[in-house]
Amino acid sequence: KQWYQRRVREAVVSTQSTGILIKGTKVKPAASIILRGANDMYVDEMDRSVHDSLCAVKRVIESKKVVPGGGCVEAALSIYLENFATSLGSREQLAIAEFAQAMLVIPKTLVVNAAKDSTELVAKLRAFHNASQTIEAKKNFKWIGLDLEHGKCRDNKEAGVLEPEMSKVKSLKFATEAAITILRIDDMIKIYQPSKEDPNSYANAVAQGRL
C-alpha cells in the first residue's frame with residue numbers, strides 16, 4: 001500500500017519540541033499519540049499507562065478471549081481445587097489443597113492494596129464461587145469479582161472488568177513453575193568464611209591456659 005499525502009506540516013508540540021504532522025492520507029495503518037504533561041515525571045507515568053493499555057489490547061487481540069478480573073478466576077480455581085482435593089485419598093490431597101490456598105494470594109493482595117478488609121471480602125468472594133459451583137440456580141455467580149472502589153463483590157463481566165486470557169494463563173504457569181523449581185531444591189551448600197582471628201592473641205592465650 002502506498003501513502004497518499006495531502007498535507008504535511010511541522011507543528012509545535014510543546015515549548016521545547018516540534019513534530020511532523022501528516023494529514024489526509026488514503027491509508028491509515030498507524031497513528032501517533034501525543035502526551036503532554038506538567039513535567040517529565042508526569043509524561044513518563046502517562047507513557048507507562050498508555051503502554052500498558054496498548055499491551056492489554058494486544059494480548060486480547062492475540063488470544064481472542066478474555067476472563068473476568070478482580071480475583072474472580074483465582075477464587076473460582078481455589079474453590080474447584082479444594083473440592084477436587086477432598087475426592088483424593090492420597091498425599092496428593094495436601095499438595096492440591098495448599099495450591100488452592102495459594103491461589104487466594106492474588107485477591108487478598110488486591111484488597112490489601114485498596115486498603116480494605118481482605119478477610120471479609122475474600123470470604124464473601126469464596127462464598128459466591130462456592131455457590132456457583134454447587135448450586136445450579138446460582139451458576140451466574142461465576143462472574144463475581146472484587147469491586148475495590150466500593151469494597152464489595154460484583155459481576156465483573158457486566159462491569160467490564162476483564163483481563164486477557166493469555167496473560168492470566170501465562171502468569172499462573174510461570175508462578176507454578178517457579179514454585180516447583182524451588183521445591184526441587186533438596187540440599188543447600190554453605191561456604192563459611194575462614195576465621196581471621198589471631199590464634200596467638202592475648203584472649204586466646206588466656207582461654208587456652210598458656211598465660
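Here are some notes on this predicted model, point by point.

1. **Ground rules.** Since this is a predicted model, local features need pLDDT of at least 70 and side-chain atom pairs count only at pLDDT 80 or more, while totals for chains, interfaces and linings use all residues. Numbering starts from 1 along each chain as its sequence is written, and side-chain values use heavy atoms, with hydrogens and water left out.

2. **Overall layout.** The protein has 8 helices and 6 strands; these are DSSP runs numbered from the N terminus, H or I of at least four residues for helices and E of at least two for strands. Reading from the N terminus, the order is β-β-α-β-α-α-α-α-β-β-α-β-α-α.

3. **Burial and surface.** Of the 211 residues in the protein, 19% are buried (buried is under 20% relative accessible area, exposed is over 50%, partly exposed is in between, with a 1.4 Å probe and protein chains only). The protein exposes about 16,500 Å², and carbon and sulfur atoms supply 56% of that. Areas come from the Shrake-Rupley method with a 1.4 Å probe, and for residues only the protein chains shown count as cover.

4. **Contacts along the chain.** Take the contacts between residues at least 6 apart in sequence: 47% of them join residues at least 24 apart. A contact here means heavy atoms within 4.5 Å.

5. **The aromatic pair.** A search of the whole structure turns up 1 aromatic pair. Phe-128 and Phe-141 form it edge-to-face, at 5.2 Å centre to centre and with 85° between the planes. The pair links distant parts of the chain, with Phe-128 in helix α5 and Phe-141 in the loop between α5 and β4 (144-147), 13 residues apart. As for the cut-offs, rings of Phe, Tyr and Trp (its six-membered ring) pair if their centres lie within 6.5 Å; planes under 30 degrees apart count as stacked, over 60 as edge-to-face and the rest as tilted.

6. Ser-132 sits in helix α5 (residues 118-134) and is buried, with a relative accessible area of 9%. Leaving aside residues up to four places away in sequence, Ser-132 touches Lys-138, Lys-139, Phe-141 and Lys-142. Lys-142 is placed in the loop between α5 and β4 and counts as partly exposed at 40% relative accessibility. Lys-142 and Ser-132 are 10 residues apart in sequence, yet 5.5 Å apart in space, C-alpha to C-alpha.

7. **A lysine over a tryptophan.** The charged end of Lys-157 sits over the ring of Trp-143, 4.4 Å from its centre. The criterion is NZ of Lys or CZ of Arg within 6 Å of the ring centre and within 35 degrees of the ring normal.

8. The whole structure has 7 salt bridges, each defined as a side-chain nitrogen of Lys or Arg within 4 Å of a carboxyl oxygen of Asp or Glu. Arg-48 bridges to Glu-45, the closest N and O atoms being 2.6 Å apart. These two are 3 residues apart in helix α1 (residues 40-63), so about one helical turn separates them. Arg-48 is partly exposed at 46%, and Glu-45 is partly exposed at 43%. Arg-59 and Glu-62 also meet in a salt bridge, at 3.3 Å from N to O, and they too are 3 residues apart in helix α1, about one helical turn. Arg-59 is partly exposed at 31%, as is Glu-62 at 39%.

9. Lys-168 and Glu-163 form a salt bridge of 3.3 Å, N to O. Lys-168 counts as buried at 10% relative accessibility, whereas Glu-163 counts as partly exposed at 27%. Salt bridges with shared partners join Glu-74, Glu-163 and Lys-168 into one network.

10. **A nonpolar patch.** Val-60, Val-66 and Leu-162 make a nonpolar surface patch of about 210 Å². Patch residues have over 30% relative accessible area and no salt bridge; like charges are joined within 9 Å, and nonpolar side chains (Val, Leu, Ile, Met, Phe, Trp, Tyr) within 5 Å. Val-66 belongs to strand β3 (residues 66-68) and is partly exposed, with a relative accessible area of 41%.
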